[in-house]
Amino acid sequence: MTETIRNTINRFATGYVFTTLDFPVDVSKQATVNRILNNMVAAGQIRRLSKGRFYKPQISEFGELQPDIDQVVKDLIEKNGKPVGYITGNTIFNKYGLTTEAHADLQIAVRKEKKPIVRGIYQINFVSQPNTITKENIPVLQLLDCLRFFKTIPDTSPEQACQRLIEIFRELDSKQVLAAKKLVLKYNPASIALLGAILENACPDEDVSTLYRALNHLSTYKLGISETELPNGKKWHIINQ
């Protein structure tokens, strides 16, 4: 069995995260597989990411590399081929050029919030996503999360973040914009207001009346964005404080 396990691991790509279920052995022998894997960890041949999860390390000229984030969290964001969550927070801020700051803290959006866990070097926190999560709408949800967590974007000013978001939304196609307008209605009012203001700047011909009607016009949203960067901010009750 040891040889079977070694041969299987040799076929895995470096950085691929695997469990005992990835090996062609009977379920009744999973405990034996786990023992062999633990022995390989002790021998330095593979690495343990967390309990029951292992990977084959990749060595670069700068040293040993951690698995890609998608591998670290793959079981947390997909079950039986269907998405149950997605990466959000600082990882997405970085992806969209809203910040250059890197973090070992990961955020995953799921339907029901869970307790934080640790995997390898990562602290993983879960945030609730009120919309149904599908493969098609994840990119839009990630963008809307940038609005939802706007005030927590690190290493940038509100003006810079706003300017970048306007650029991003300007590049979306009509289907994505329509999805954003629909999905944001389950977000907090500040996100609805910010999307409306951004779309008026990024897509002047876009109908944002539904977003405007969804707001309580006695409320204000302190997002720290100046009128220079968001001239229509007051209309959407966004104030620079």
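Leaving aside its neighbours within four places in sequence, L144 is in contact (heavy atoms within 4.5 Å) with A180, L183, V184, Y187 and L195. This is a predicted model, in which local features need pLDDT of at least 70 and side-chain atom pairs count only at pLDDT 80 or more, whereas totals for chains, interfaces and linings use all residues. Residues are numbered from 1 along each chain as its sequence is written, and side-chain values use heavy atoms, with hydrogens and water left out.

L144 is among the residues with the most contacts inside the largest nonpolar core, together with F150, L165, F169, L194 and L195, and that core has 49 residues. A nonpolar core is here a set of buried Ala, Val, Leu, Ile, Met, Phe, Trp, Tyr and Cys residues joined through side-chain atoms within 4.5 Å, where buried means under 20% relative accessible area, exposed over 50% and partly exposed in between, with a 1.4 Å probe and protein chains only. At least two residues of this core are supplied by each of α5 (90-95), α6, α7, α8 (174-183) and α9 (189-202), and the largest share, nine residues, comes from α9. A second, separate core of 14 residues includes V17, Y55, V72 and F126.

## Overall architecture

The protein has ten helices and 13 strands, helices (H or I, at least four residues) and strands (E, at least two) being DSSP runs numbered from the N terminus. Along its principal axes the C-alpha trace spans about 70 × 35 × 30 Å. Of the 241 residues in the protein, 45% are buried, and residues 24 or more positions apart account for 56% of the contacts with a separation of 6 or more.

Two packed helices are described by the angle between their axes and the distance between the axes. Axes are lines fitted to C-alpha atoms, for helices over the stretch in contact, and angles run from 0 to 180 degrees between N-to-C directions. Angles under 35 degrees count as roughly parallel, over 145 as roughly antiparallel, 65 to 115 as roughly perpendicular and the rest as oblique.

The axes of α6 (residues 138-148) and α7 (residues 158-170) come within 12 Å and cross at roughly 160°, and the two helices are therefore roughly antiparallel to each other. Their crossing is left-handed, a term used if the near helix is turned anticlockwise from the far one by less than a right angle, with right-handed used if it is turned clockwise. On the α6 side the contact is made by L143, C146 and L147, and on the α7 side by L165, I168 and F169. These residues divide into six nonpolar, no polar and no charged, where Ala, Val, Leu, Ile, Met, Phe, Trp, Tyr, Cys and Pro count as nonpolar, Asp, Glu, Lys and Arg as charged, and the others, Gly among them, as polar.

With α9, the axis of α6 comes within 8 Å and crosses at roughly 110°, which makes α6 roughly perpendicular to α9. L144, L147 and R148 in α6 meet S191, L194, L195 and I198 in α9, and the residues of this contact divide into five nonpolar, one polar and one charged.

V72, found in helix α3 (residues 69-72), is buried with a relative accessible area of 0%. Not counting residues up to four places away in sequence, V72 touches V17, L49, P67, R119, Y122 and I124. The C-alpha atoms of V72 and Y55, which are 17 residues apart along the chain, are separated by 9.6 Å.

T8 has its place in helix α1 (residues 2-11) and counts as buried at 6% relative accessibility. With residues up to four places away in sequence not counted, T8 touches D22, F23 and P24.

## Loop residues with positive phi

Most residues other than glycine have a negative phi, and most peptide bonds are trans. N80, although not a glycine, has a positive phi of about 55°; it is in the loop between β6 (78-79) and β7 (82-83) and is exposed, with a relative accessible area of 83%.

D155 is likewise not a glycine and has a positive phi of about 60°. D155 lies in the loop between α6 and α7 and is exposed, with a relative accessible area of 53%.
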